[in-house]
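Look at the structure first.

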Amino acid sequence: MPLMSPSEYKQSLNDGRVVYYRGERVEDVAAHPVIGVAVDHAAIDYEMAEDENDKELALVDGPDGPYSRYYHIPESADDLLKRSALIERATNLGGTLVVLIKEIGTDALFALRLLASYMDKNLGSDYLPRVRKFHDHCRDNDLAVAVAQTDVKGDRGKGPGDQAHPDYYVRVAAEDDEGITLRGAKVHTSVSTNAHEIIVLPTRNMRSGDEAYAVACAVPANAPGLTMLASGYGGRKGTEFENPISSKHKMMETLTVFDDVKVPWERVFLSGEVDMAGPLAKTFVEFHRFTAVSYKLPLVDLFVGASHLMAEYNGILRAGHVRDKLAKLISYAQICRGMTREAARECKVMDGVAVPNAEIINIAKLHFATGYHQALAWVQDIAGGLLVTGPSEEDLDDPRLGELIDKYLGASPAASTLDRLKLMNLIAEITASDFAGYQAVLAIHAEGSIEAEKMTIWREHEVAPAIDYAKRLAGIG
């Protein structure tokens, strides 16, 4: 099948899917004033495939023609490095906001392939042919794929089967010769409004009695019974002057409700194997944290570049405390980048799939998440209070007021007043706006919590050699 063009991608989303935004049914997501911004943003992936400067990175040559590199199964460290570079480049074009319409879906496909292979070999199941067929379907049709993993959970102190009602975790409500019926809801489902397919994954370890909740499958975004309630957060579309990123780039999340959604057996990849639910969730997350740190890189680079330029515009670049903050911002960014690349280089190849080093990528994600708010403080300190007190675009457009602004806010010969305010607004958007709040929450909660990253690091680290070394130096037999 040929690659989709950006216009074909947008047209393909008008397929009868049930999406609500602020209480109203959205008939065509691509034409919606808010969700349409997210669709345009997602089209970056399809634009890169046509751009002479990006297509070599974005595409892989296959026997039937080129296809998206995202669907290429990584077989080596070099494949992972190219995948990371593609994610970084796409996010760079997206104004620091990840595109995610193929990144997250293929993270899930790689995890499903590994777990299906294991189950088929050890449990006598027949999942791997299904996963391969679905992977081929998405690759050959150049589809956008979301992942619905996080259950709404209800009382978090209780397991799936112990809740006040049975649908706080997505479950198999019925099954027959044709397939299964899904009921329940997932939350935080990114890019679902503008994806073609939604992969459902378990969110946690399961135990005996949770068989109905141990389910993984694939559902078309327009499947009967599937309803998406799109988040209204950050829905106000500002001007390009005051909101240089979010006026052009957006990602939607939904509460994704499965109200007796029918799924044929060929699209079911886990059904009742409680011991495999946790490993599948964990394997997906390790791929996805590699994606995560890859897409954080343009943002941390922007922290460095915007802060350095603002210091020049404010005339404070020679100040010792400013250089100290810039050095720390550079270190913050470069540690994220270096550890992402090292996680690729230290990968393990399992059943032909290169898996990023789990310990290293979790350390990288932990470094990013725990240092994020301090990094924001350094950027804000260098920029100054005009981040939230500066004049509006309407003020600048008024001849008399514009003259006053130019007279009093032209701080340095390094830049015009207008350029200084444009940069100030860019920094405000990434540190002190709705978009900044969105990014800050993603830093803490997206791709797993800080505590989950710590537990993975503790679990993955081979501590025995260090213990033996301590014993030897202490003289302990």
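A hairpin of 3 residues joins β6 to β7. Strands β6 (residues 171-175) and β7 (residues 179-190) run antiparallel, joined by 4 bridges. Within this pair, E175 stands opposite I180 in β7. Helices (H or I, at least four residues) and strands (E, at least two) are DSSP runs, numbered from the N terminus. Two strands pair if DSSP finds at least two bridges between them.

The model is predicted: local features need pLDDT of at least 70, side-chain atom pairs count only at pLDDT 80 or more, and totals for chains, interfaces and linings use all residues. Residues are numbered from 1 along each chain as its sequence is written, and side-chain values use heavy atoms, with hydrogens and water left out.

Parallel strands β5 and β8 (residues 197-200) share 4 bridges. V145 stands opposite E197 in β8.

| Pair | Bridges | Direction |
|---|---|---|
| β6 and β7 | 4 bridges | antiparallel |
| β5 and β8 | 4 bridges | parallel |

Helix α13 (residues 399-409) buries G402, I405 and L409 (buried means under 20% relative accessible area, exposed over 50%, partly exposed in between; 1.4 Å probe, protein chains only). Seen down the axis of α13, these buried residues fall within an arc of 60°, so they line one face of the helix; the arc is that of the directions from the helix axis to the C-beta atoms. The face turned away from the buried side of α13 carries the exposed residues P399, E403, K407 and Y408.
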